[in-house]
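Please keep the structure open beside the text as you read.

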Amino acid sequence: MYFKKVTIITGHYGCGKTNIATNIALDIAKTGKTCTVVDLDIVNPYFRTADFKQMFEKMGIKLVAPIYANTNLDIPAMNFNLTSILINSDYVVIDVGGDDAGAMALGVHHDYLNNRDDVEMLYVINKYRLLTEDIDNTIELMRDIESCSRVKCTGIVNNSNLGLETYAETVLDSLEYADEVCKKALLPLEFTTFNKDLKVDIEKKYKPYPMDIYVKTLWNMV
Amino acid sequence: MSNQSSPKKHLMKGNEAIAEAAIRSGCKCFFGYPITPQTEISAYMAKRMPKVGGVYLQAESEIAAINMVYGCAGSGVRCMTSSSSPGIALKAEGISYIAGSDLPCVIINVQRGGPGLGGIQPSQSDYWFMTRALGHGDFHALVFAPASVQEMVDTVCDAFDLADKYRMPAVILADGLLGQMMEPVHFPEDYDFNKNTEKPWAANGHGNKRKHNIINSLFLQPDVLEDENFKRFKRYEIVKKNETKAEIDIEEDTELLVVAYGSVARIAKAAVDMARKNGIKAGLFRPITLWPYPEKELQKAAEKVKKVLVVEMSMGQMVEDVRISLKSRIPIEFHGRTGGIVPTPAEVFEKLKEMDGDDNA
């Protein structure tokens, strides 16, 4: 897998941003490069990249999160300087909160992030999310995220899944939808992501990226 | 396995599923106020309601929101409000007025830790509050305890129907974990939300064609007020007889019965499965309605068991209903975590091992 220096992950609530950010960070770390994960989620109280602090530490990945993330205090305060993180790390993965509401936090850094060759902003889509089943709605949300964050998306990630009820057909049935979204958005498909335990054969042109599933409920960890 | 023949599914967050299910149940007005961990309900309603010809209104406070529900319910329109523990406490007065006026509405409580502002992590410490003391005065609300995102949908549909049928408020008692987690769901396509919408009591304009309807909870004559309470409690007896619901997962030789509701029931189920694999004869009883409590179902499920373990994210609240139901005939133990700490399947399994060991010692 090839990643740019800065990978920003955006998309609809629950489209799988955190799981994708976690996989990308771990894959970068495995190459021996330094990587920082920025949990920029200001809207989500649980199921966020900050949950994986210990795993990141083991892999030598630096985690930067809002100071009160997972502390039970409901204040989305951010006390870090993105510029210094970008200087001190080979790679940076930014996990942005859901929808346009979550993308607002990115806006502070738009001057730095726009129009740079080493920055990519991926828009994650899931055909099986009710509000983004329709292609026009999917694009509309991307535009909302762009206008709120003042950063332009550069590529699409098709992460269509139905959680534990994802089968090979679930992924295959989404390829056409992802194609349509890319065509309408005038953006390239960067990856088709899916659970690596799934036995599914995906053509190279859809850029298959099998992933581990880290975001789980307690009873599914047994 | 294939999902091709199964109904169309969507991946949804618990909170979103509640909101979408309400819309599909004919909820026309939503009055909300944000609080973690249920804000997605409000956010979803704000986006969807205008598109389906409904009303979304963010009130200036929880108290305002519940009183808007009161007015809306009085006009016979299906309506809903949602909040999390401390926000529900603020709504208590309004809920009592709604119950005292015999009005249907749906109230969502996505519980967080308490007392006071508590925390924003999941909790089940509003059990007594929802089933015993949802406001001042003698009254009850229907209380549903979904344990999956699919059941969020199913119980919301039931809540609207039964609230209308019995003219009383209905509560969905979820918790932060259920509200935030994501699972595939399907929506019943043949759901007919018109089946209970005849509301001759509604104050929706008499057009000089009938006597005007009055929505009121003030009865200054003692005998009139007592009569109102008697009538209401007669109705509650019918509800208790007809509307209890539970899921029972026991085997012929079950010795240890775990009782849990909501997200904790999912954890308990994982622990019961671990126990069974290790030769412990465990089973699970999961109430789906908390008021009325499925007393008879529990009595039947516990008939042959030796011990009962109640697991909750509280200091022990539903355990009281288990004791009342089983009349302390068999030993009942309790395992609870609070503060937003969710019990793990492993720790519940440990507790089961301990109880099983005591028995065989």
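The lining of the largest pocket is made up of 17 nonpolar, 18 polar and 11 charged residues, where Ala, Val, Leu, Ile, Met, Phe, Trp, Tyr, Cys and Pro count as nonpolar, Asp, Glu, Lys and Arg as charged, and the others, Gly among them, as polar. This is a predicted model, in which local features need pLDDT of at least 70 and side-chain atom pairs count only at pLDDT 80 or more, while totals for chains, interfaces and linings use all residues. Residues are numbered from 1 along each chain as its sequence is written, chains are lettered from A in the order in which they are written, and side-chain values use heavy atoms, without hydrogens and water.

**Largest pocket**
- On a 1 Å grid over the protein atoms alone, a pocket is an open set of points with protein on both sides within 12 Å along at least five of seven lines, a cavity is a set where a 1.4 Å probe fits but cannot get out, and lining residues have an atom within 4 Å of a point.
- The largest pocket holds about 1100 Å³ of space, a volume being the space filled by probe spheres set on grid points joined across faces, edges and corners.
- Among its 46 lining residues, A:Asn161, A:Gly163, A:Ile213, A:Val215 and B:Met182 are the closest to the centre.
- Helix 1 of chain A gives the largest share of this lining, 4 residues; helices (H or I, at least four residues) and strands (E, at least two) are DSSP runs, numbered from the N terminus.

**Nonpolar cores**
- The largest nonpolar core has 115 residues, and B:Met80, B:Val259 and B:Val308 have the most contacts inside it.
- This core lies between domain 1 (10–242) and domain 2 (247–360) of chain B, because both give residues to it; the domain bounds come from an automatic or database assignment.
- A second, separate core has 42 residues, including A:Ala103, A:Leu113, A:Val119 and A:Ala185.
- A core here is a set of buried Ala, Val, Leu, Ile, Met, Phe, Trp, Tyr and Cys residues joined through side-chain atoms within 4.5 Å, with buried meaning under 20% relative accessible area (1.4 Å probe, protein chains only).

**Cavities**
- The count comes to 2 cavities of 30 Å³ or more.
- The largest cavity, of about 40 Å³, has a lining of 6 nonpolar, no polar and 2 charged residues.
- Helix 6 of chain B supplies 3 residues, the largest share of that lining.
- The second largest cavity has about 30 Å³ of space, and its lining includes B:His140 and B:Tyr236.

Key. Buried means under 20% relative accessible area, exposed over 50%, partly exposed in between (1.4 Å probe, protein chains only).
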